[in-house]
Amino acid sequence: MSINDADHVVTVPAVHRRRLPAFLRSPGGVFGAGWLVLVIVLSFTAGFWRPYGINEQDLANRFALPGADHWLGTDEMGRDLLSRILTAGAQPLLTSALTVLVAFGLGIPMALLAAEHGPRFERWFSRLSEILLALPGMIILLAVIGAVGVRLNIVMTVLGVMISAAVYRVMLGVAKSVRQRLYVDAARVNGLGSLRVNVKYVVPGMATVMAVQAAQLFGIAILIQSGLAFMGFGPPSPQPSWGGMIGDASQQVYNAPWLMVPTGVVLALTVVAANALADAIAGQVAGERPVARRRRRKATRGGAEAREGETFAADTVPADQVPADTVPADRAPVLDVRDLTVAVDDGPATVTDVSFSLRAGRVLGLVGESGCGKTMTARALIGLLPDGVAVSGGSIGWQGRDLAALPEDGLRAIRGREIAMISQEPMVALDPMFSVAYQLTVPIRRFRGVGRGEARRIAAELLNQVGIVDAEGVLRSYPHQLSGGMAQRVAIALALTGRPKLLIADEPTTALDVTVQAEILSLLRALVRDTGLSVLIVSHDLGVVADICDDIAVMYAGQVVESGAAAAVLDDPRMPYTMALLAANPHVPEGQPVPERLACIPGTVPPPADWPAGCRFADRCRFAAPECSAPIPLFSAHESGSVRCVRVDEIDRTHLTWEAESLGAEEAADTGVSS
Amino acid sequence: MTAETIAPPALEVRDLVVHYGPKRRRGRTEPAVDGVSFDIGPGETVGLVGESGSGKSTIGKAILGLQPPTSGTIRLNGRDITHMPLRERRSVIADLRVVFQDPYSSLNPAQTIGETLIEPLRILGVGKADGWRRAGETLWSVGLTADALHHYPDQFSGGQRQRIAVARALVCQPRVVVLDEPVSALDLSTQAQVLNLLADLRDQHQYSFLFVAHDLGVVRFLAQRAVVLYRGQIMEAGPVDAVTERPKHPYTAALTASAPVPRPAEQAQRREAREALGVGAAGAAAPSLTGCPFATRCPAADELTRTERPALRLLGESLVACHHATSDGPPEPLGATPG
């Protein structure tokens, strides 16, 4: 979607944006649009090509079946069905379009006004639409016919007025949500008038829903119009109409059953086509949403074990080689990830050869910018990768098993019970339909096999454990009644229901206020201290990582580029990327001067397809040299850690640092790169 | 507040009150913004800091005319724009622009960058050729090339989009720009690029920035003065160094101590300092409408705090709304910390 080039250089490929609309790429859409165009063209040109006049009688050939003379057969007076059907088509198509036009012409301005002016207009329009929706439609139409006669334009206009209430209802919601987009606010701040804001910004944002609605209403209007004609309120007798022809055919249904078929099929197909088109347009909208997260993994993992031995030496020094004075001997790694590779089906790998280990009762931080594969790595551990993404190599050692080779059944037994997960948005973990008590007791009963009362007691205990004082009150409440921090506490309690040994926390505090973040971090620290829980925390915030992590692994472009004890890595970074991240951070402890300018990393993280064979950071690195274009192994660093940089010793020896350049020079350098 | 400024303030906000929801319920509910006053001098950057629900974004919206204030006045270059109708606003509005938080929804996906940049100029009556020239120049000043004019927003990364949003704000050469969390949706390295860009623009063109942010570290980088909000009221305001280094209000102290720094040893000390403050957990019971809004979380809250709202008073260099703060710092906790 985005051009991940150097941030200052716009080298956008000249893509022509007028492609085939997405709805024409589905079979339903092609059928719907195709049939409607066919019927419309044939109906409006019927006068020029129809083989027979509409009232031309061939009494010798009454009730003829399809044949060479009459392609669709003839009716009870020997009139040609094909000519009559398509001649009759123009009127329902036109008057239905009129209905849609009237319904939209009233409904959309009402929706736009109500969305713009809020309750004042909305109250009146909503009452009006309620009245219109409460009226019995068919009876009103018949009353109108009684008053003005069979004047279809008037009748269908009245139908449009009644349907406008439904259009208003749907469009109001859409208009409100489009108005909340920031570019609409920006246009208003620019001084754009109300009408232009609506026409240029709001209506285009509503276009897709409008198209869906129009196609559906069109189908409904055709049905109603044909229904009226069937009852005899159509064009006068010799004039053909779809409803009238079906009505006539129904009189002859025993002696000439075929007569019903051609008109019926054309009418039905037209209505179905309108709905298929609506579905296809709606499907295009649904397709724009991200796909639901689903587990997906490949069984093909034969090479993983074979490769392990070869690459082991170059990787992170295993935990058991760590000096005994820093780690108690009983703390062997509980989680040992080796050469983990995650790839998109038929596409590039998004995580390559990632290795790290986590000891019991420790907190490991996976750090990096978005697009570096840290969330993908965390999700791969419990098989929660998005559709089309799978582990394609490496091993995930957990309690003597390899999770990367485990089938879905095995993983399901581990998720929640042994390894639990919390995410950035606590509300995702909580179902708005159920009380906190219900959501906690169900997994407690399943995981711990206890009764209802006992489960409730445990739930209250868990809430106390996550620092909620009023546990009973929170148990009775529903998710929407909780603040963000409280919801994250409940989400953590929910993760603890299965007494996991490892908690994977994916940006657990990113959505929270800074004081709440501090509280949640303290809570996680207390849990680790009191229960011996191990935590894998994914974060882009180096401050959070400095606060809670014992060890960290810095990821860049799908690789671990530096790892080690948190204090070692953050206080004495060896990898230029880690140096740059720290220098770009505006947070300095009190008492230290705030920098005039922050150090920048030019450009953005490259997408997986563009990762070079050599150092993936070289393009953005201030210290890049020719030797950086060869594949870079991990070098031992920070006692027990590693760093992926060939120039690490040289940078260290010459005391190179990643500082902000002097004022003004940054800008000049930026534009200089762009040529 | 800034009596020493000689020129009239570029933006003046006085006793601003904003209520959401229907008028008839206003007596009973807490307003989103409750009596906020501050000035921004020409070329000055003021940081408006607070957590969610503090009313900081609402103040930005009220200034921009996107949310009508209940009472109070807003003056731009000395001219009252509080209730100015849109049509009249258009003539003065060239001096007031905005950059929003989300670079993805703040650009119209159906318009090219050129169309987005030209539009405000056309409203001001700038000719087409002149408009395109100025749009190209503005893009250049935010570090993009003029090629970008012919492309759509979805062809740019988040950082590039935010540069474009800055360009849209600056293309009319405004005097006051409201920056509503302009970097909080960006990655660290991109955030640094955009912060440097804003600092360069501030220094080169003397823009007045109202920098709305939840992150004190970022405010400390860009702003000269900081205004700290809690539940729609100003808790503390003053020079950014005084507010962040020597906070007087217990809430400011909690806020500064909660922002983690990427140095494990120092962070451990700060954590202990924060825990020693004894500030109660967020999301506690709502305070009474007549007392100090921070009373339910404050370790020094007493009967006076709970019943009487403290007025802003000058302590050292900062204005502080606390009965018990002294020029030495926040008040000591009262014995045991309240639950």
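Author: Arg338 of chain A faces Ser395 of chain A, which belongs to strand 4 of chain A. This is a predicted model, in which local features need pLDDT of at least 70 and side-chain atom pairs count only at pLDDT 80 or more, while totals for chains, interfaces and linings use all residues. Residues are numbered from 1 along each chain as its sequence is written, and chains are lettered from A and ligands numbered from 1 in the order in which they are written.

Strand 1 of chain A (residues 333-344) and strand 4 of chain A (residues 389-398) run antiparallel and are joined by eight bridges. Strands count as paired if DSSP finds at least two bridges between them; strands (E, at least two residues) and helices (H or I, at least four) are DSSP runs numbered from the N terminus.

In chain A, the sheet is open, with four strands in the order 2-1-4-5 and antiparallel pairing. Its edges are strand 2 (349-359) and strand 5 (401-402) of chain A, each of which pairs on one side only. Helix 12 of chain A (residues 374-381) packs on this sheet, where it touches strand 1, strand 2 and strand 4 of chain A. The direction of helix 12 makes about 65° with that of strand 2 of chain A. Contact here requires C-beta atoms, placed from the backbone, within 7 Å; axes are lines fitted to C-alpha atoms, for helices over the stretch in contact, and angles run from 0 to 180 degrees between N-to-C directions.

Chain A also has an open sheet of eight strands, in the order 6-7-8-3-9-10-12-11, whose pairing is mixed. Strand 6 (419-422) and strand 11 (635-637) of chain A form its edges, each pairing on one side only. On average, neighbouring strands of this sheet are turned by 25° against each other, direction ignored.

Helix 18 of chain A lies across strand 6 and strand 7 of chain A and runs at about 165° to strand 6.

Among chains, the contact takes 70 residues from chain A and 71 residues from chain B. Helix 18 (484-496) of chain A is one of the elements that give two or more residues to the side of chain A touching chain B, and helix 8 (194-230) and helix 19 (514-531) of chain A are also among them.

Elsewhere in chain A, helices pack on one another. Helix 4 (residues 119-134) and helix 6 (residues 152-179) of chain A pack at about 130°, with their axes 8 Å apart. Helix 4 of chain A is therefore oblique to helix 6 of chain A. Phe125, Ser129, Leu132 and Leu133 of chain A, in helix 4, meet residues of helix 6 including Met162 and Arg169 of chain A.

Helix 5 of chain A (residues 137-148) crosses helix 6 of chain A at roughly 150°, the axes coming within 10 Å. Helix 5 and helix 6 of chain A are therefore roughly antiparallel to each other. Among the residues making this contact are Leu141 and Val144 of chain A in helix 5, and Val158 and Met162 of chain A in helix 6. By convention, angles under 35 degrees are roughly parallel, over 145 roughly antiparallel, 65 to 115 roughly perpendicular and the rest oblique.

How values were computed
Two residues are in contact if their C-beta atoms, placed from the backbone, lie within 7 Å.
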